[in-house]
Each structure stands twice: as structure tokens, then as C-alpha cells.
2 protein chains.
Amino acid sequence: MRDAIRVIVLGTGQMGSAIARLVLEKDGLELAGAYARRAERKGMDIGRAIGLSKDLGLPVHSDLRIAVEKARPHVAIQATCSTLAEAKEPITALVQNGIHVISIAEEMAYPAASSPEAAAKIRRLAVSRGVAVVGTGINPGFVFDLLVIALTGVCWDIQSITATRINDLSPYGPSVLASQGVGLSLEKFREGLVKRTVVGHLGFPQSIHMIAASLGWDIERIEEHREPIISTVRRETPFATVQPGCSAGCLHSAVAYVKGAPVITLIHPQQICPHLEGVDTDDTIEIKGKPDIRFSGSPEIPGGVATAALAVNMVPRVLNAPAGLHCMTDLPAPAAMMGDARGLIRQSAWEGHHD
Amino acid sequence: MRDAIRVIVLGTGQMGSAIARLVLEKDGLELAGAYARRAERKGMDIGRAIGLSKDLGLPVHSDLRIAVEKARPHVAIQATCSTLAEAKEPITALVQNGIHVISIAEEMAYPAASSPEAAAKIRRLAVSRGVAVVGTGINPGFVFDLLVIALTGVCWDIQSITATRINDLSPYGPSVLASQGVGLSLEKFREGLVKRTVVGHLGFPQSIHMIAASLGWDIERIEEHREPIISTVRRETPFATVQPGCSAGCLHSAVAYVKGAPVITLIHPQQICPHLEGVDTDDTIEIKGKPDIRFSGSPEIPGGVATAALAVNMVPRVLNAPAGLHCMTDLPAPAAMMGDARGLIRQSAWEGHHD
């Protein structure tokens with residue numbers, strides 16, 4: 001059997017570290033290198049940087065060019081940012097080097113939603129370099145779009161789609177909690193919305209455009225709405241305390257319209273300790289149409305674990321994909337990798353790759 | 001915009017008729033012809049044959065060669081049989097004529113499960129003729145395989161998968177009910193199992209091999225088990241009566257083993273009037289792994305409606321696919337077609353088609 005698929009991970013934060021650890025677990029994948037934006041990580045052993053108790057004998061690089069030269073990767077998994085504006089520079093550099101890219105930047109799930117021009121540029125470059133680029137993650141990339149779309153496959157007709165994800169932010173750190181306004185008074189929450197320090201969920205336009213493109217709907221407009229989840233009880237995690245009357249998180253929703261009718265509604269209340277007020281976490285997809293479909297799972301699919309899994313499980317999909325920029329619904333559905341990753345790669349993908 | 005995508009439907013039974021009616025509803029698709037195996041349908045107007053109250057001005061053909069000559073289809077949807085042995089002749093003829101094929105024959109969902117040789121033959125012919133062939137349907141093709149596989153995409157590791165589909169056979173006709181042993185005494189049910197008149201669900205090996213191929217599991221063996229669902233009450237539909245103590249249907253299950261461990265369990269009790277004994281119909285997928293996943297929907301996705309929808313919704317997927325024989329997990333997930341079907345076709349697919 002040929003050599004392992006060499007993977008470089010960009011980012012050694014919580015997500016990048018989880019992705020790197022999962023790459024290490026998978027037969028047929030080799031963790032060939034890691035890049036960190038933070039200069040203070042430079043030279044640190046990758047094993048330590050990603051939370052292992054052992055060295056891997058490879059240093060973290062903080063210069064992407066050098067990281068790529070040393071790692072000679074087939075695939076890069078990018079976990080350094082959320083926006084297309086931030087993601088496009090490293091992705092462009094990777095693609096120019098003939099490296100396939102999987103990004104968990106939320107806006108990369110459907111890049112044309114934030115910038116059709118930037119998306120077209122990445123697409124053209126990927127085609128010219130013969131590599132594939134895809135954005136993935138739990139949301140956007142899975143619950144609010146891929147899973148919704150797959151379920152519509154059994155429908156003759158659809159009037160409307162509603163998907164709700166009620167999750168628990170308790171495991172998250174200070175920056176995520178701040179972005180959802182956890183612990184703020186009503187006044188401070190409103191202020192945070194104006195100042196854009198409270199942002200809610202990043203990814204509704206991406207999920208909506210992915211659904212619309214798959215179904216053939218022309219979306220007229222998207223309305224987003226953010227409001228505080230006012231707690232009636234005291235809630236506490238290592239990184240936040242919510243007093244009664246203050247915000248335990250953000251109820252963010254988006255509605256998309258076709259011909260004046262609301263056809264897609266996505267609802268994502270994110271808060272700490274929802275169970276303290278009897279709220280069960282879950283993912284629910286409801287389709288009104290022929291037939292009506294309702295699927296749900298409780299508790300919700302855990303976001304961090306799932307995003308790392310999707311990023312790594314997409315490695316064979318990206319290697320098998322035609323050159324270009326893809327979204328999750330352009331490619332075969334992801335699957336857990338339980339055997340050797342090389343066994344999932346079509347021969348033609350290897351032949352096409354010049355390494 | 002270019003002309004509509006011409007679709008021929010093979011089969012004017014319950015499923016073929018539903019598929020043809022749905023083709024008529026969809027913008028960008030044209031019902032270009034219909035073929036019936038039954039000679040007595042020959043010459044009948046397609047509209048009447050598929051249950052419309054109007055003529056369509058096109059006759060049903062009972063000679064496939066003539067049907068294809070008249071219809072000049074881009075895509076054929078085949079709904080005449082369940083087994084690969086029966087399906088391979090018409091599919092071969094269609095592929096030889098450069099026509100893409102979507103089949104709802106259960107064994108076509110993963111043809112290599114019943115005959116790797118026949119599958120390889122269809123694959124080679126499809127590649128040589130530049131067309132794509134795929135098998136689909138609610139099961140195999142969706143609940144027990146595609147949906148399961150997509151959900152595994154969020155997993156780092158999997159110990160086992162269990163999927164259960166509890167459905168209601170009340171809408172079905174005599175042949176389906178007979179195949180599930182509805183109304184039989186325990187003794188007659190056992191006799192039917194031996195004589196293979198009671199067969200249960202057709203498609204477990206196909207779903208299991210599809211999951212295993214996607215995840216990279218080497219299946220050692222599959223055990224199937226069929227037993228009567230003994231009713232304690234009287235149950236009745238237009239086509240069957242079940243006395244207390246007799247069989248209301250068949251509880252059919254399959255277990256697949258990897259390295260001695262049961263890793264995939266598929267459970268499909270099929271019966272009439274399950275609600276009379278307080279049984280709710282549903283589809284449930286449970287994954288034990290990292291993380292555990294449980295998704296379910298009640299009532300179950302209606303099988304007939306869903307199979308017709310999947311067959312028609314796969315038209316753009318098949319036109320966009322590379323030439324060859326595919327299963328549902330080789331292609332992007334299906335989606336309901338809410339716009340013009342032509343808008344979902346990549347330009348290259350049209351360019352590649354010589355009509």
C-alpha cells in the first residue's frame with residue numbers, strides 16, 4: 001500500500017488541536033505538520049501544543065510557507081479563523097502549493113454568501129492547481145444544511161423548512177461565551193449587539209444559501225434576529241456567571257423568504273446550563289411538505305467533537321473530488337473513517353496528485 | 001434555456017405511476033415515454049395508465065427498444081422489479097443506448113452485494129457509454145444506509161450502529177402483504193419462510209455493504225432473522241384480515257459482524273395497523289461511539305412517496321455524475337427539486353451528453 005496521506009493542521013487552538021489528535025488516531029493519515037498563528041507557539045513540539053503528554057518530534061511553525069515546505073502535505077485542515085476575509089490568504093497559499101484544503105472557517109462553508117468574488121477567485125485557482133477546497137463543520141456544514149437537504153430528498157414538494165438547534169455552551173471558553181452575551185445585563189446585551197461584540201451564531205446565510213442552491217430556491221431576503229435568553233435562575237460555569245435577570249446566552253434565528261413567503265427558518269438558542277431551567281438540548285429538523293418530515297435527536301450533536309470529526313472525515317472526500325471549490329452538498333456525504341483512509345481513495349485521485 | 005430533460009419511466013405499477021406523475025409536476029423535466037412489462041398496457045395512453053384523469057397523447061410501449069426509440073430519453077427511471085437478475089437486462093439495454101439510469105430495484109442499491117460480476121459488467125458498460133447508473137429508494141437507499149452514513153460523519157469512532165424502521169403496511173396491496181406473511185397462522189408463516197413466499201424486507205445486505213464500504217469496515221458475515229409479528233387483536237385492511245393469534249406482518253432484522261463483534265443491526269418490523277396495539281411507527285438511528293448519536297422521526301417516512309421522490313430527485317445527480325455505476329453514497333445527497341431541474345445540471349454534464 002502506498003504511503004500515508006500527509007495532513008497539515010493550521011491552528012493549534014481548541015479546534016485545531018482536536019483535529020490534529022484525531023488525525024493521529026486514523027490509519028492511513030499522517031500528521032505531517034502544524035502551523036500556529038500565535039508566534040509564541042513557534043518551535044513548540046506539536047504533541048505538547050495539541051495537548052498530548054508526549055512529544056511527536058515535530059515543531060509547530062508560525063510561518064505557513066516553512067510549515068508547508070517541511071510537511072509536504074497532501075491535505076491541509078484550516079482551523080485558524082471564522083471569516084472568509086481571514087481564511088482566503090492561507091487558503092490561497094495552500095492551493096497555490098497544490099494542497100487540497102478543508103476549512104472549518106464558518107464562512108468557507110458557502111463562501112459565495114459573503115463574497116462571490118473571493119469564492120470565484122479561490123475556485124479558479126483550485127481548478128488551475130488541480131486541487132479541491134471545501135468548508136465544513138457542525139454548523140454551517142451539517143445540521144442546518146447538509147442534514148436538512150438530505151431529508152428533503154424524500155419530498156415531492158416543500159412549503160417550509162424549520163431547523164432548531166438548542167445547545168449547551170457550558171464547555172466553552174471566554175471568547176465564545178462573550179460572543180453570545182453570556183452573563184450580560186439586558187442593557188449590556190443590547191449594547192453588545194450594536195457594537196457587534198455579541199454576534200450570535202455565525203453561519204445562517206451560508207446554511208440558507210446552501211439549502212437554496214440545492215433545492216433550486218431563489219432567496220429574496222434573509223432576516224436575522226438576536227435576543228437575550230434571560231435567565232430566571234443563577235447559572236455558572238468556570239468561565240461565566242449569570243445572575244437571575246441577566247442573559248444566559250443568545251437566541252439567534254434567521255428566516256429566508258421566497259416570493260414573499262418564509263420558506264427556511266433556522267433557530268439557534270445558545271446558552272450555558274439550559275437544563276437549569278428544564279430546557280433539553282436537541283437538534284430538530286421539520287419539513288412541511290409532501291410528506292411532512294420531522295427528525296430530531298436529543299441531546300444535540302456535540303459541536304466541537306463533530307466539527308473535528310467532519311474535518312478529518314472529509315479527507316478522502318476532498319481527495320476524490322474534482323478540482324475546484326465545493327460545499328458539503330457538492331460532495332458525497334461524510335462518513336466516519338473506521339478503516340485505513342487510503343482504502344477510501346479512488347485510484348484516479350492518487351494518479352492525479354503530483355507529489 | 002435548453003430543452004427539458006427527457007425522462008422515460010419503466011413500469012406503470014404503483015411505483016412507476018407515482019414516479020411518472022412526479023416527473024410531470026417538475027419544471028425542466030419532460031415525461032418522454034413509458035414502458036410497461038404487461039402486454040395488456042400496450043397502446044394505452046400514459047395519462048390513464050398512471051392514474052390521471054386525462055390523456056397525455058403518448059402511448060405506453062411494451063417493447064423497450066421501441067419505447068426508447070420514440071422517447072429519446074436522457075434519463076430512464078426503472079421501476080419494474082426488485083432483483084438485479086431481473087433489472088440487469090433492461091438496464092443494459094438502456095445504458096447501451098447512452099441513457100442514464102435510476103433504478104428502484106432493491107438489489108440495484110448496491111448491486112455488488114448480490115452479484116459482483118453483474119455489477120462490474122454494468123459498471124464497465126456505463127463507463128464505455130459515458131452514462132451514470134444509480135439505485136435508490138427509501139430502503140435500501142436512504143434510511144438504513146445514506147442517512148446512517150451521513151450521521152456517522154460527525155463521529156471520531158463507532159462501536160455499533162442500530163437502525164430501526166417501524167412502518168405501517170396498511171396502504172399496500174396483496175402482493176406486498178403476502179411477502180410479509182400478513183394474516184397467516186404461525187404455522188403457515190413458518191411454512192412461508194421455508195417456501196420463500198414470506199420474504200420480509202429485501203435490501204439488508206445492500207444497506208449493510210453500503211455502510212461498510214463508506215466506513216471502511218470489512219464485514220465477516222451477516223445474520224438475518226425473520227419472525228411473525230403475532231397480533232393479539234383483530235386487524236383489517238381492504239386487502240387483508242388478521243385474526244388474533246395470527247401474523248400481522250414480519251419482524252425482519254439483520255446483524256453484521258466485524259472481527260466477531262456485531263457492528264450493524266438493522267431492524268424492520270413491517271405490519272398492518274400497528275397502532276391497534278399501541279405501536280408508533282418511526283425511523284430511528286442510534287450510533288454508539290464518540291459521540292453517541294440518536295436521531296428519530298415519527299411517523300416513519302412514508303415509503304412509497306419517498307421512493308418516488310428519491311428516484312425523481314436523483315435526476316440532476318445522475319446527470320452530473322461521472323460515468324459508471326454508483327450507489328447513493330457515491331453521489332451528493334439528494335435534494336427536493338423546487339426550481340427548474342435544468343438549473344441544477346452542471347454545464348459539463350450537458351456538454352458531455354450527445355443527443
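Predicted model: local features only at pLDDT ≥ 70, side-chain atom pairs only at ≥ 80, totals over all residues.
Me: Let me start with the two chains. By what turn and shift can chain B be laid on chain A?

Reply: Superposition gives a rotation and a shift along its axis. Here the turn is 180° and the shift is 0.0 Å, with an RMSD of 0.0 Å. The two copies are therefore related as by a two-fold rotation axis.

Me: Which C-alpha of chain B is nearest the axis?

Reply: That of B:P332, which sits 2.1 Å from the axis.

Me: Through what surface do the copies meet?

Reply: Compare the interface residues of both chains. Of those in chain B, 100% are also interface residues in chain A, so the copies meet through the same surface.

Me: Take B:I19. What is B:I19 in contact with, leaving aside neighbours within four places in sequence?

Reply: Contact here means heavy atoms within 4.5 Å. By that rule, B:I19 reaches B:V9, B:I77, B:A79 and B:I104 among others. The list also includes B:A308, B:A311 and B:V312.

Me: How many aromatic pairs are there over all chains?

Reply: The count comes to 2. In chain A, A:F144 and A:F204 form a tilted pair, 5.8 Å centre to centre, with 35° between the planes.

Me: Why is the word "tilted"?

Reply: Planes under 30 degrees apart count as stacked and those over 60 as edge-to-face, so the rest are tilted.

Me: What does the pair of A:F144 and A:F204 tie together?

Reply: Look up where each ring sits. A:F144 is in the loop between β5 and α6 of chain A, while A:F204 belongs to helix α9, so the pair ties together parts 60 residues apart in sequence. Both A:F144 and A:F204 are buried.

Me: And chain B: what are the distance and angle for B:F144 and B:F204?

Reply: B:F144 and B:F204 make a tilted pair at 5.8 Å centre to centre and 35° between the planes. B:F144 lies in the loop between β5 and α6 of chain B and B:F204 in helix α9, so this pair too ties together parts 60 residues apart in sequence. B:F144 and B:F204 are both buried.

Me: Charges over rings next. Which residue lies over the face of A:W156?

Reply: A:K290 does, at 3.9 Å from the ring centre. In chain B, B:K290 lies over the face of B:W156, at 3.9 Å from that ring centre.

Me: B:K290 again. What kind of peptide bond joins B:K290 and B:P291?

Reply: Read omega. Its value here is about -5°, and the bond is cis. B:P291 falls in the loop between β12 and β13 of chain B. In chain A, another cis bond joins A:S298 and A:P299, with omega about 0°. A:P299 is in the loop between β13 and α10 of chain A.

Me: Is A:C273 buried or exposed?

Reply: Buried, because its relative accessible area is 7%. B:R196 counts as exposed, at 70%.

Note on methods
Residues numbered from 1 in each chain as written. Chains lettered and ligands numbered in written order. Heavy atoms only, no water. Helix = DSSP H or I, 4+ residues; strand = E, 2+ residues; numbered from the N terminus. Buried < 20%, exposed > 50% of the residue type's maximum accessible area, 1.4 Å probe, protein only. Phe/Tyr/Trp six-rings, centres within 6.5 Å; stacked < 30°, edge-to-face > 60°. Lys NZ or Arg CZ within 6 Å of the ring centre and 35° of its normal. Least-squares fit on C-alpha atoms with pLDDT ≥ 70 in both.
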